[in-house]
Amino acid sequence: MRKSILSRLQGYRYEHSLGVERAAIMLAEKYGEDPEKAGTAGILHDITKYLSPQEQLNLCGKYGIIPCTVEKSEPKMLHGKTAAAIARAEYHMPEDICDAIACHTTGKNHMTLLDKILYLADYIEETRDFPGVDKARELAQIDIDSALLYCYDQTLTELVARGKLIHSDTIAAYNDMIRQGVSWRDK
Ligand SMILES: [Fe+2]
Ligand SMILES: [Fe+2]
(Lines give C-alpha, C1' and ligand atoms only; values in the text may rest on other atoms or scores of the structure.)
(Ligands and ions follow the chains in the order given, each with its own letter.)
Protein backbone atom coordinates (compact mmCIF):
# COMPACT_ATOMS: atom_id res chain seq x y z
CA MET A 1 0.00 0.00 0.00
CA ARG A 2 2.84 2.34 0.90
CA LYS A 3 4.45 1.66 -2.50
CA SER A 4 1.17 2.35 -4.28
CA ILE A 5 0.68 5.66 -2.44
CA LEU A 6 4.26 6.81 -3.05
CA SER A 7 4.02 5.92 -6.77
CA ARG A 8 1.29 8.58 -7.08
CA LEU A 9 3.52 11.36 -5.74
CA GLN A 10 6.16 13.11 -7.80
CA GLY A 11 8.98 15.62 -7.40
CA TYR A 12 8.63 18.04 -4.50
CA ARG A 13 5.31 16.47 -3.44
CA TYR A 14 7.08 13.11 -2.93
CA GLU A 15 9.78 14.62 -0.70
CA HIS A 16 7.21 16.76 1.12
CA SER A 17 4.93 13.78 1.81
CA LEU A 18 7.83 11.75 3.24
CA GLY A 19 8.76 14.79 5.34
CA VAL A 20 5.19 15.05 6.65
CA GLU A 21 5.23 11.31 7.42
CA ARG A 22 8.42 11.72 9.50
CA ALA A 23 7.18 14.88 11.27
CA ALA A 24 3.79 13.26 12.01
CA ILE A 25 5.49 10.18 13.51
CA MET A 26 7.71 12.43 15.66
CA LEU A 27 4.70 14.43 16.91
CA ALA A 28 2.65 11.27 17.55
CA GLU A 29 5.45 9.81 19.68
CA LYS A 30 5.76 13.10 21.55
CA TYR A 31 2.06 13.70 22.22
CA GLY A 32 0.77 10.14 22.61
CA GLU A 33 -0.94 9.33 19.30
CA ASP A 34 -0.48 6.16 17.22
CA PRO A 35 2.69 6.79 15.13
CA GLU A 36 1.58 4.41 12.38
CA LYS A 37 -1.74 6.22 11.94
CA ALA A 38 -0.02 9.61 11.95
CA GLY A 39 2.60 8.48 9.44
CA THR A 40 -0.01 6.96 7.13
CA ALA A 41 -2.05 10.18 7.22
CA GLY A 42 1.22 11.98 6.38
CA ILE A 43 1.99 10.10 3.17
CA LEU A 44 -1.66 10.21 2.01
CA HIS A 45 -2.56 13.83 2.82
CA ASP A 46 -1.58 15.45 -0.52
CA ILE A 47 -2.35 12.52 -2.82
CA THR A 48 -4.73 14.65 -4.96
CA LYS A 49 -2.82 17.94 -4.73
CA TYR A 50 -1.49 17.67 -8.31
CA LEU A 51 -5.01 17.55 -9.81
CA SER A 52 -6.43 20.52 -11.71
CA PRO A 53 -9.31 22.60 -10.28
CA GLN A 54 -11.71 20.84 -12.66
CA GLU A 55 -10.44 17.41 -11.60
CA GLN A 56 -10.91 18.41 -7.92
CA LEU A 57 -14.52 19.34 -8.70
CA ASN A 58 -15.02 16.09 -10.66
CA LEU A 59 -13.84 14.07 -7.63
CA CYS A 60 -16.25 16.06 -5.45
CA GLY A 61 -19.08 14.97 -7.75
CA LYS A 62 -17.92 11.36 -7.65
CA TYR A 63 -17.63 11.19 -3.85
CA GLY A 64 -20.55 13.41 -2.85
CA ILE A 65 -18.46 16.30 -1.52
CA ILE A 66 -20.39 19.59 -1.70
CA PRO A 67 -17.93 22.50 -2.10
CA CYS A 68 -18.70 25.72 -0.19
CA THR A 69 -18.55 29.09 -1.98
CA VAL A 70 -14.90 29.62 -0.98
CA GLU A 71 -13.95 26.15 -2.22
CA LYS A 72 -15.78 26.77 -5.49
CA SER A 73 -13.62 29.86 -6.02
CA GLU A 74 -10.41 28.06 -4.91
CA PRO A 75 -10.89 24.38 -5.88
CA LYS A 76 -7.27 23.58 -4.94
CA MET A 77 -8.45 24.01 -1.34
CA LEU A 78 -10.49 20.85 -1.89
CA HIS A 79 -7.42 18.60 -2.12
CA GLY A 80 -7.74 17.66 1.59
CA LYS A 81 -11.32 16.49 1.14
CA THR A 82 -10.65 14.71 -2.16
CA ALA A 83 -7.53 13.03 -0.71
CA ALA A 84 -9.64 11.83 2.24
CA ALA A 85 -12.19 10.39 -0.21
CA ILE A 86 -9.43 8.48 -2.06
CA ALA A 87 -7.93 7.29 1.25
CA ARG A 88 -11.35 5.91 2.20
CA ALA A 89 -12.42 4.46 -1.16
CA GLU A 90 -9.12 3.15 -2.55
CA TYR A 91 -7.01 2.46 0.56
CA HIS A 92 -9.82 1.59 3.02
CA MET A 93 -8.43 3.90 5.68
CA PRO A 94 -10.25 4.25 9.02
CA GLU A 95 -12.38 7.35 9.58
CA ASP A 96 -9.98 9.09 11.99
CA ILE A 97 -7.21 9.07 9.36
CA CYS A 98 -9.63 10.26 6.64
CA ASP A 99 -10.90 13.06 8.91
CA ALA A 100 -7.36 14.26 9.63
CA ILE A 101 -6.57 14.29 5.88
CA ALA A 102 -9.83 16.13 5.11
CA CYS A 103 -9.06 19.05 7.44
CA HIS A 104 -5.29 19.39 6.90
CA THR A 105 -5.65 22.39 4.54
CA THR A 106 -8.08 24.53 6.52
CA GLY A 107 -8.16 23.24 10.09
CA LYS A 108 -11.60 23.07 11.75
CA ASN A 109 -13.47 23.41 15.04
CA HIS A 110 -12.74 20.71 17.67
CA MET A 111 -9.76 19.04 16.01
CA THR A 112 -8.64 15.67 17.39
CA LEU A 113 -5.03 15.04 18.38
CA LEU A 114 -4.51 13.19 15.07
CA ASP A 115 -6.01 16.14 13.12
CA LYS A 116 -3.67 18.54 14.93
CA ILE A 117 -0.62 16.35 14.37
CA LEU A 118 -1.20 16.14 10.60
CA TYR A 119 -1.90 19.89 10.28
CA LEU A 120 1.24 20.78 12.21
CA ALA A 121 3.43 18.15 10.51
CA ASP A 122 2.39 19.59 7.13
CA TYR A 123 3.52 23.03 8.31
CA ILE A 124 6.85 22.15 9.97
CA GLU A 125 8.22 19.17 8.00
CA GLU A 126 11.91 19.39 7.15
CA THR A 127 11.68 20.62 3.52
CA ARG A 128 9.58 23.65 4.55
CA ASP A 129 11.48 26.92 4.41
CA PHE A 130 9.54 30.13 4.95
CA PRO A 131 9.49 32.94 7.52
CA GLY A 132 8.08 31.67 10.82
CA VAL A 133 8.71 27.95 10.24
CA ASP A 134 11.49 27.81 12.87
CA LYS A 135 9.20 29.38 15.48
CA ALA A 136 6.49 26.82 14.60
CA ARG A 137 9.06 23.99 14.95
CA GLU A 138 10.15 25.38 18.32
CA LEU A 139 6.54 25.64 19.58
CA ALA A 140 5.82 22.11 18.29
CA GLN A 141 8.37 20.82 20.81
CA ILE A 142 6.71 22.72 23.69
CA ASP A 143 2.92 22.64 23.23
CA ILE A 144 0.88 21.39 20.28
CA ASP A 145 -2.04 23.82 20.70
CA SER A 146 0.24 26.86 20.91
CA ALA A 147 2.06 25.65 17.81
CA LEU A 148 -1.23 25.16 16.00
CA LEU A 149 -2.50 28.62 16.94
CA TYR A 150 0.78 30.09 15.71
CA CYS A 151 0.24 28.34 12.33
CA TYR A 152 -3.31 29.75 12.11
CA ASP A 153 -2.06 33.25 13.00
CA GLN A 154 0.61 33.08 10.30
CA THR A 155 -1.79 31.65 7.72
CA LEU A 156 -4.56 34.15 8.42
CA THR A 157 -2.13 37.10 8.39
CA GLU A 158 -0.72 35.96 5.06
CA LEU A 159 -4.15 35.42 3.49
CA VAL A 160 -5.26 38.92 4.58
CA ALA A 161 -1.98 40.47 3.32
CA ARG A 162 -2.46 38.78 -0.09
CA GLY A 163 -6.16 39.68 -0.30
CA LYS A 164 -7.18 36.02 -0.46
CA LEU A 165 -10.38 34.30 0.61
CA ILE A 166 -10.45 32.74 4.09
CA HIS A 167 -12.25 29.43 4.60
CA SER A 168 -14.82 29.47 7.44
CA ASP A 169 -13.21 26.31 8.90
CA THR A 170 -9.93 28.21 9.38
CA ILE A 171 -11.74 30.93 11.34
CA ALA A 172 -13.50 28.19 13.35
CA ALA A 173 -10.15 26.52 14.06
CA TYR A 174 -8.63 29.82 15.20
CA ASN A 175 -11.65 30.68 17.39
CA ASP A 176 -11.55 27.21 18.97
CA MET A 177 -7.98 27.77 20.18
CA ILE A 178 -8.69 31.33 21.41
CA ARG A 179 -11.82 30.16 23.25
CA GLN A 180 -9.70 27.58 25.06
CA GLY A 181 -7.28 30.29 26.20
CA VAL A 182 -4.41 29.05 24.02
CA SER A 183 -1.57 31.51 23.39
CA TRP A 184 1.88 31.18 21.82
CA ARG A 185 3.21 34.65 22.68
CA ASP A 186 4.02 33.65 26.26
CA LYS A 187 6.02 30.58 25.17
FE1 LIG B 1 -2.10 19.83 1.43
FE1 LIG C 1 1.08 19.06 2.35
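Guide: Let's start with contacts, where contact means heavy atoms within 4.5 Å. Among the contacts in the protein chain between residues at least 6 apart in sequence, 63% join residues that are at least 24 apart. Before we go on, this is a predicted model, in which local features need pLDDT of at least 70 and side-chain atom pairs count only at pLDDT 80 or more, while totals for chains, interfaces and linings use all residues. Side-chain values use heavy atoms, with hydrogens and water left out, residues are numbered from 1 along each chain as its sequence is written, and chains are lettered from A and ligands numbered from 1 in the order in which they are written.

Here is the setting for our close look. The protein chain has 11 helices and 0 strands; helices (H or I, at least four residues) and strands (E, at least two) are DSSP runs, numbered from the N terminus. The C-alpha trace spans about 45 × 35 × 30 Å along its principal axes. A compact globule of 187 residues would have a radius of gyration near 16 Å, and the protein chain agrees, with 16 Å. That radius is taken over C-alpha atoms, and the globule rule is 2.2 Å times the number of residues to the power 0.38. Of the 187 residues, 48% are buried, where buried means under 20% relative accessible area, exposed over 50%, and partly exposed in between (1.4 Å probe, protein chains only).

Now for the part itself, helix α8, residues 113–124. The expected span is 1.5 Å times one less than the number of residues in the helix. As for its cover, 11 of the 12 residues of α8 are buried.

Helix α10 covers residues 144–161 and has 18 residues, reaching 26 Å from its first C-alpha to its last, close to the 26 Å expected. The buried residues of α10 include I144, D145, L148, Y152 and L159. They pack against α8, and also against α2 (11–31), α9 (133–142) and α11 (168–179). After α10 comes G163, whose phi is positive, near 65°.

Next, look at α7, where I97 has its place. With 4% relative accessibility, I97 counts as buried. I97 and H45 are 52 residues apart along the chain, yet their C-alpha atoms are separated by 9.3 Å.

Between α7 and α8 there is a loop, and T106 is found in it. T106 counts as buried, at 8% relative accessibility. Neighbours within four places in sequence aside, T106 touches Y119, H167, D169, T170 and A173 by the contact rule. T106 and E33 are 73 residues apart in sequence and 21 Å apart in space, C-alpha to C-alpha.

H110 lies in that loop between α7 and α8 too. H110 is exposed, with a relative accessible area of 58%. Its phi is near 55°, a positive value in a residue other than glycine. You can compare H92, in the loop between α6 (79–89) and α7. Phi of H92 is near 50°, which is also positive in a residue other than glycine, and H92 counts as exposed at 64% relative accessibility.

Our last stop is α2, which holds S17. S17 is buried, with 0% relative accessibility. Once its neighbours within four places in sequence are set aside, S17 is in contact with L9, G42, I43, H45 and D46.
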